[in-house]
Amino acid sequence: MDGNGRWAKARRLPRLAGHKQGVEAVRRVSKAAREQGIEVLTLYAFSSENWRRPEEEVRDLMGLLRHFLKNELKDLVAENVRLRVIGDYHALSSDLVAMIDEAIARTSVNTGATLVIALNYGAQAEIVAAARRLASAAKAGDVEPHAIDEAMFSDALTTHDLPPLDLLIRTSGEQRLSNFLLWQAAYAELLFVETLWPDFDGAALADAVAQFGRRQRRFGGL
């Protein structure tokens with residue numbers, strides 16, 4: 001979800017205004033995804049590299065996350081949405097961790113769509129952690145090194161209980177993955193759109209899904 005800062009700059013507004021509009025886009029797109037029958041929507045909310053941003057901006061982002069959890073949890077429960085979080089969110093402040101844990105627990109029995117939030121997430125760190133877990137298991141004799149394959153490695157990732165990634169969308173015209181779902185994106189369709197995230201909506205999502213539907217996915221075959 002890229003382009004909040006540029007959206008605000010174009011309107012001569014503080015960056016926080018762009019982030020606030022970004023949260024509104026999250027609401028719109030999450031609802032539209034459910035209406036369009038999308039099973040799982042994963043949003044890259046805060047990367048492990050975002051800590052390098054100015055302290056005030058990080059504080060503002062965390063405040064918006066608190067606001068989102070406080071105001072959206074009731075709707076997630078009512079709409080049968082399961083919330084999942086990937087990334088090391090336990091590195092956040094204790095009150096925010098408690099809010100996230102509560103939201104995950106209260107929606108864990110929901111059977112509708114799944115909303116995944118990537119918080120303090122980095123794909124390289126995720127892959128390294130999975131490799132360490134498998135290495136420890138092999139050292140303990142619980143798994144034979146020669147038995148480790150792609151499926152076993154996928155099961156060691158934080159997304160092990162989610163379906164394969166089909167479509168990865170990046171807004172604002174940037175054309176890179178920026179350490180997001182690198183393993184999972186191996187055969188995903190990639191779509192880079194010029195729209196800034198605060199302007200992204202249900203119609204833009206529907207257009208992205210339509211483009212996805214027109215692509216031929218061969219997975220290495222003919």
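Val 97 lies in helix α4, where helices (H or I, at least four residues) and strands (E, at least two) are DSSP runs, numbered from the N terminus. The model is a predicted one, in which local features need pLDDT of at least 70 and side-chain atom pairs count only at pLDDT 80 or more, while totals for chains, interfaces and linings use all residues. Residues are numbered from 1 along each chain as its sequence is written, and side-chain values use heavy atoms, with hydrogens and water left out.

Leu 43, for its part, lies in strand β1. Val 97 counts as buried because its relative accessibility is 10%, and Leu 43 counts as buried at 6%; buried means under 20% relative accessible area, exposed over 50%, and partly exposed in between (1.4 Å probe, protein chains only). The table gives a C-alpha separation for each of the two residues.

| Residue pair | Separation along the chain | C-alpha separation |
|---|---|---|
| Val 97 and Asp 75 | 22 residues | 20 Å |
| Leu 43 and Val 26 | 17 residues | 8.3 Å |

Not counting residues up to four places away in sequence, Val 97 touches Tyr 89, His 90 and Leu 92, contact meaning heavy atoms within 4.5 Å. With neighbours within four places again left aside, the contacts of Leu 43 include Val 26, Ser 30, Leu 115 and Trp 197.

A nonpolar core is a set of buried Ala, Val, Leu, Ile, Met, Phe, Trp, Tyr and Cys residues joined through side-chain atoms within 4.5 Å. The largest such core has 37 residues, of which Leu 92, Ile 100, Leu 115 and Leu 119 touch the most other members. At least two residues each are supplied to this core by α2 (15–35), β1 (40–47), α3 (55–78), β2 (82–86), α4 (94–107), β3 (114–121) and α7 (202–214), and α3 gives the most, with 9 residues. Apart from this core lies another, of 12 residues, among them Ile 86, Val 116, Ala 118 and Leu 162.

The axes of α2 and α3 come within 10 Å and cross at roughly 30°, the axes being lines fitted to C-alpha atoms, for helices over the stretch in contact, with angles running from 0 to 180 degrees between N-to-C directions. That angle makes α2 roughly parallel to α3, since angles under 35 degrees count as roughly parallel, over 145 as roughly antiparallel, 65 to 115 as roughly perpendicular and the rest as oblique. Residues making the contact include Val 23 and Val 26 of α2 and Leu 61, Leu 64 and Phe 68 of α3.
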